[in-house]
Amino acid sequence: MTVQALGYLGLGASQVDDWMGFATRQLGMQAVDRGGATRAFRMDDRKQRLIVDGDLANGEKFFGWEVADAAALDALAGRLEAAGVAVARGSAALAAQRCVAGLITFRDPAGNRLEAFHGAQVADEPFRPGRDIGGFRAGPLGMGHALVMVPNLQECLAFYQGLLGFKTSDFIRVPVSAYFMHVNPRHHSLALVEGPVSQMHHLMIELYSFDDVGRGYDLAQAEEGRVKVKMGRHPNDFMTSFYMRSPSDILLEYGWGGRDVDDATWQPEEMKTVGSLWGHQGLFESIGDGPPPPDAPPMPSQKIVRAPLFVMDGNYVRQNGVCPWWDAMASGA
Ligand SMILES: [Fe+2]
């Protein structure tokens, strides 16, 4: 696999100071001083993950896709150029801004600015969250996932899968065409949805503690209009999450408990619904400018699905089964 993770995301924003408060006090990221009109935020041991650039126009953005090393970056540049994609080598100054050893820049078939990089710098200081949270599930899984609407889905799929090495986790064709793709065990680092325009819908960041997501929900609800999509659970990555308005033109999905995929055993499946197991009221209204599509799945879902929780060592206490009812249900009887 060529690309290994969503390493960073850059957003153009006129409201950089709004981002300071939102990223630190609401999301729990750590602000780092980058000078000028740039604000950068840490989520883990990396020097920066989210970059808000006041010199970039509102709506502009860049995606930083991580590769293993300089040789992998050269190989990727060669593959892109052989396929007719215009590739520029990032200058030393740009690499310093991005806190990486080297990078290339290019565009996907929908016009999104992509950067591929290697050698992300690790900070000398430990991560200090902007509010009291137990940390972000980032590291080798990357900073989270992005959902991007593109008008030319098939062309984009050929690009991301054929040239960058993304693999399908699952997909849906009705009522929307969408592909959820992974580059590491995170269920998806990128979701592409066919839509009328090229537009990023949301960035998902994942917390280690479900309680941190709940407290973030409390904080967001205290602000008029901050919550765009209520708490709910997705049917494919099983993320329990809610969505907030950000100071830029994207939403921020704040989640917990996403499942991993293992390439050795994973079989991509066509999903029959993108309706959540429960909750997420407002999700379809949040896509595009108009009313939700008439064939948007009903909420609550008419099909009842119960899925197990995906937990990590140190983050759960196993309780012994003491109830014949549960034992029978868990064994599928
Ligand atoms: Fe998402």
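I looked up helix 4 (residues 153-163) in this predicted model. Helix 4 lies across strand 9 (145-150), strand 11 (178-182) and strand 12 (190-194). I note an angle of about 160° between helix 4 and strand 12.

Next I took helix 5 (residues 210-221), which packs on the sheet and touches strand 13 (199-207), strand 14, strand 15 (240-245) and strand 16 (251-256). Its direction makes about 145° with that of strand 16.

I then traced the open sheet of ten strands and wrote down the order 17-10-11-12-9-13-16-15-14-18, with mixed pairing. Strand 17 (269-270) and strand 18 (278-279) are at the edges; each has a single partner strand, so one side of each lacks a neighbour in the sheet. For strand 18 I checked the pairing with strand 14 (residues 227-233): it is antiparallel, over two bridges. G279 in strand 18 stands opposite G232.

I went on to the open sheet of eight strands, order 2-3-4-1-5-8-7-6, also of mixed pairing. The edges are strand 2 (30-33) and strand 6 (88-89), each with a single partner strand, so one side of each has no neighbour in the sheet. I found two bridges between strand 6 and strand 7 (residues 102-107), which run antiparallel. I recorded I104 in strand 7 as the bridge partner of R89.

Helix 1 (residues 16-26) lies across strand 2, strand 3 (38-42) and strand 4 (50-53), at about 10° to strand 3.

Last, I looked at the largest nonpolar core, which has 75 residues. L9, A116, A146 and L192 have the most contacts inside it. Leaving aside neighbours within four places in sequence, I listed L50, K61, F63, G64, M143, A146 and L203 as the contacts of L9.

Key: Residues are numbered from 1 along each chain as its sequence is written. This is a predicted model: local features need pLDDT of at least 70, side-chain atom pairs count only at pLDDT 80 or more; totals for chains, interfaces and linings use all residues. Two strands pair if DSSP finds at least two bridges between them. Helices (H or I, at least four residues) and strands (E, at least two) are DSSP runs, numbered from the N terminus. Two residues are in contact if their C-beta atoms, placed from the backbone, lie within 7 Å. Axes are lines fitted to C-alpha atoms, for helices over the stretch in contact, and angles run from 0 to 180 degrees between N-to-C directions. A nonpolar core is a set of buried Ala, Val, Leu, Ile, Met, Phe, Trp, Tyr and Cys residues joined through C-beta atoms within 7 Å. A residue is buried if 20 or more other C-beta atoms lie within 10 Å of its own, exposed if 12 or fewer, and partly exposed in between; C-beta atoms are placed from the backbone.
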